[in-house]
Amino acid sequence: MPPDAMRPLSGVVIGAGPAGLMAADTMARQGFHVTVFERMPSAGRKFLMAGRGGLNLTHSDPIGLFEQRYADAAPWLGRFIRQFPPEELRAWADRHDGESFVGSSGRVFPKSFKASPLLRAWLRELGDLGVVLKTRMHWTGWTNDGSLEFADGSAIDADVCVLALGGASWPRLGAGGNWVSVLAGKGIEITPLVASNAGVTCDWSDVTSSRHAGAPLKRVAATVSGRCVRGEALISKTGLEGGVIYALSRELRRELQTAGSCTVLLDLRPDLDVERLAANLAKVPRKQSLANKLRKGAGLSPQAISVWRDCVQHHQFEPDAALAGSIKAAALRVTGMQPIDRAISTAGGIAAHEVDETLMLRQLPGVFVCGEMLDWDAPTGGYLLQACFSTGRAAGENAARFARELAGH
Ligand SMILES: Cc1cc2nc3c(=O)[nH]c(=O)nc-3n(C[C@H](O)[C@H](O)[C@H](O)COP(=O)(O)OP(=O)(O)OC[C@H]3O[C@@H](n4cnc5c(N)ncnc54)[C@H](O)[C@@H]3O)c2cc1C
């Protein structure tokens, strides 16, 4: 047995978001002395922002369907999701903030609907576990002898280290992708960070942008590259945001990259087929205005009518079947995606082949990674936080095992 076999082991986590705090929690429960370094003045700023409009913690999808939400990353990420699955995340959240609940869309929310009570209780618990949180500590890389280096000139050693530095969306909340050059400098392949779950820009008429910005398009369907998603969208001054648009991030990004612009086919009445819609439109007396016909015959809201007008522009729709067709496939020309600093999440990150099955960087033994800095992408719906918590848990467990084995404990 090596002489230091029973000395307490130390773990360092960089980044106090959900992934990093979960890694710290896991190591601390295994007896590690854990210190979390965070560049901002407080922990979990993006997590708190996520709770502003209702913290969507995870989803009640069956696990097979759940995994499919991660598309190309599902084969490797799915393993970590199964190790700490949605039911366990819910049970964990319930211990901190009362009983979570499933909303009508299958999304899971904490009882308070917010992130702050959960984060407060969790930070208190981490303190009780002995986890030390050091804020305003900006990690910049490694010294020549392998210590972790910080912007204030300090250097720290630990038995094991977990990086949980997040993506690059909403940089004012702390995560700005500043780690990319550090890891790339070590020869680690990073898939470029790009906006995901972001709104799109389009050329609205003055009427749509000035009168209808902020108004929802309820129960619509949107199709890009043959993939159709149903849900809700939100009109912004410069384009369209919301669930259906976010869910099509991947397709939109691909089309915009190749062609510079793309078309979203909006179905403004997805619950009715063309024949039924045409029959409803035909019931409206001929002397009614087009706006009245769209409102009474198709049940469109004023904002939906305005969007429809922007899509069809000057076309005439004499037969009701043609009018119905244009409501069910209004071609919206999209000119771009909102910038990364307004996106909900980031796609891209540390390439999957750079980490082993324990989430350790193959080129930097003893350095584990988790959360949004890994190369996966998912729609909103709780899939983002679930992946951060699950990989945080796995990174913490594997880092602890690695350090114990190395120290001969
Ligand atoms: C407006 C908004 C709403 C959202 N809503 C939801 C939702 O309802 N459901 C959902 O699933 N997801 C949601 N998300 C996404 C979710 O919040 C993120 O996916 C998640 O926070 C990422 O966790 P993380 O721990 O990987 O990174 P982060 O939460 O970004 O944490 C990384 C931490 O690392 C710190 N850091 C970065 N670089 C350094 C450095 N060099 N040195 C020291 N510290 C550093 C940062 O300051 C930050 O605190 C939302 C995001 C936004 C912006």
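1. Strands β13 (residues 216–224) and β14 (residues 227–235) run antiparallel and are joined by seven bridges; strands count as paired if DSSP finds at least two bridges between them. Strands here are DSSP E runs of at least two residues, and helices are H or I runs of at least four, numbered from the N terminus. Alanine 221 sits opposite arginine 230 in β14. The β13–β14 hairpin has two residues between its strands, and serine 225 takes a positive phi near 50°.

2. A word on the model: it is predicted, so to speak of local features needs pLDDT of at least 70, side-chain atom pairs count only at pLDDT 80 or more, and totals for chains, interfaces and linings use all residues. Residues are numbered from 1 along each chain as its sequence is written.

3. β13 also pairs with β16 (residues 262–267), again antiparallel, through three bridges. There, alanine 222 has leucine 266 as its bridge partner.

4. On to the ligand. Its shell holds 37 residues, with Gly15, Gly17, Gly166, Gly174 and Gly371 the closest (near means a C-beta atom, placed from the backbone, within 6 Å). Helices α1 (18–29), α2 (45–50) and α15 (383–407) each supply at least two shell residues, and α2 gives the most, with five.

5. Then the domains. The assignment, automatic or from a database, gives domain 1 (10–195 + 346–407) and domain 2 (200–337). Their C-alpha centres are 38 Å apart. Six residues of domain 1 are in contact with six of domain 2, contact being C-beta atoms, placed from the backbone, within 7 Å.

Technical notes. Two residues are in contact if their C-beta atoms, placed from the backbone, lie within 7 Å.
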